[in-house]
Amino acid sequence: DTRISHPRWGPGRSFHVTLLHLIVVAMVQGLTEFLPISSSAHLILVPLAGDWPDQGPTVDIAVHLGTLGAVLLYFRRDVGAMVVGLFELAGGNITPGARLSMQIALGTVPALAVGYYLASQGYLEQLRSPLIIAWATVLFGVLLWAVEGLCLRVNRVDQLSFGGILFIGLAQTLALIPGTSRSGITITAARALGYEREDAAHISLLLSIPIILAAGGYQSLEVVQSGHLALGLDALIAAALAFGTALLAIALMMRWLHHASYTPFVIYRLILGAGLLYWVYT
C-alpha cells in the first residue's frame with residue numbers, strides 16, 4: 001500500500017492505495033492513454049466509481065512512464081530516426097528523421113504553452129468536473145464521428161507538412177479539457193486534413209511522446225518540491241501493468257484501423273457520456 005500527501009489533494013491528507021485500486025488504475029491508464037476515449041477522464045472517474053481516494057502523484061507518474069515506454073517500443077524505428085535526425089540537423093543536414101523530429105516538436109509547442117499557463121494559474125483543477133468530462137466526452141465523440149464520415153482519406157505520414165502538424169498541435173490544446181481525449185482530438189484533426197486512419201493514429205501517437213514526457217516531468221517536479229515522493233513496489237507494479245496494457249492497446253488499435261473505422265470508439269464515448277450526464281443531472 002502507498003500512503004502519501006500532496007497539495008493537489010489537500011494538506012496532510014493520507015492515501016491508502018490497495019492492490020486492486022493500483023491494478024485498476026494502471027490498466028485503465030494503459031488501455032485508454034492512446035485510444036480516442038480520454039485517459040484523463042477515466043482516471044478521474046475511477047476513484048469516483050470505486051469510492052476510492054485519488055491514487056496520488058507517485059502512481060500517476062508511474063503509469064505515465066509505463067505508457068511512455070510502450071509507445072517508444074512500438075514506434076522504436078521512428079523514435080530512432082528522430083534521435084539520429086536531431087544529430088544530423090545539428091550538422092546542417094535535413095533528413096526525413098530530422099524533418100519528423102522538427103514537426104513533432106512544432107506540434108507539441110501549443111499544448112505545452114497553454115498547459116503551462118493553465119497549470120500555473122490553477123485552472124486545470126477547475127476543469128476536473130464530472131459535468132465537463134461528460135459533455136466533452138459526448139461533443140468531441142460526435143466531432144470525431146462527423147470528421148470520420150465526411151473527410152477524404154488520401155494522405156500518409158510521409159506527406160505531413162509543417163502547417164498540417166501545427167494545425168494538429170493547436171487542436172491538441174483542447175485535450176487539456178478532461179474528456180476531450182488527446183489522442184481523439186489529434187486523430188480528429190489529422191483526419192480532417194485527409195490522413196488515412198492508421199496514419200492519423202500514427203501521428204497522434206508520435207505527438208504523445210513529448211507530451212507524456214512533459215506531463216511526467218512537471219508532475220515529478222511538483223512531487224519532489226513537496227517532499228512527498230514515495231517510490232516503491234507499488235510504482236513498479238503500476239508502471240509494468242500500464243506498459244503491458246498500453247502496448248497491447250496500441251497494437252490492437254493499429255491492427256483494427258487497418259481494416260475498420262473509429263466508429264466503435266465513438267459509440268463507446270456516446271454511451272459513457274450519456275451515462276455520465278444522467279448521473280450528474282439526476
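This is a predicted model: local features need pLDDT of at least 70, side-chain atom pairs count only at pLDDT 80 or more; totals for chains, interfaces and linings use all residues.
**Entry 1. Contacts of I211**

Leaving aside residues up to four places away in sequence, I211 touches T108, A111, L112, Q172 and R182. I noted that I211 belongs to helix α10, residues 197–226. Its relative accessibility is 17%, and I therefore recorded I211 as buried, the cut-off being under 20%.

**Entry 2. Helices α4 and α5**

I next examined how α4 (residues 76–90) packs with α5 (residues 96–120) and found an angle of about 100°, with the axes 7 Å apart. The two helices are therefore roughly perpendicular. By class, I recorded 8 nonpolar, 3 polar and 1 charged residues in this contact. On the α4 side I listed D78, A81, M82, G85, L86 and L89; these meet G97, A98, L100, S101, M102 and I104 of α5.

**Entry 3. Salt bridges**

I found a count of 4 salt bridges. One of them joins E148 and R191, at 3.1 Å from N to O. This pair links distant parts of the chain, E148 being in helix α7 (residues 130–150) and R191 in helix α9 (residues 182–192). E148 also bridges to R197, with the closest N and O atoms 2.2 Å apart. R197 lies in α10, so this pair ties together parts 49 residues apart in sequence. I noted that E148 and R197 are buried, as is R191. Through shared partners, E148, R191 and R197 form one network.

I also recorded a salt bridge between R128 and E125, at 3.6 Å from N to O. R128 is partly exposed at 30% relative accessible area, and E125 is partly exposed at 44%.

Terms used: Residues are numbered from 1 along each chain as its sequence is written. Side-chain values use heavy atoms; hydrogens and water are left out. Helices (H or I, at least four residues) and strands (E, at least two) are DSSP runs, numbered from the N terminus. Buried means under 20% relative accessible area, exposed over 50%, partly exposed in between (1.4 Å probe, protein chains only). Contact means heavy atoms within 4.5 Å. Axes are lines fitted to C-alpha atoms, for helices over the stretch in contact, and angles run from 0 to 180 degrees between N-to-C directions. Angles under 35 degrees count as roughly parallel, over 145 as roughly antiparallel, 65 to 115 as roughly perpendicular and the rest as oblique. Ala, Val, Leu, Ile, Met, Phe, Trp, Tyr, Cys and Pro count as nonpolar, Asp, Glu, Lys and Arg as charged, and the others, Gly among them, as polar. A salt bridge is a side-chain nitrogen of Lys or Arg within 4 Å of a carboxyl oxygen of Asp or Glu.
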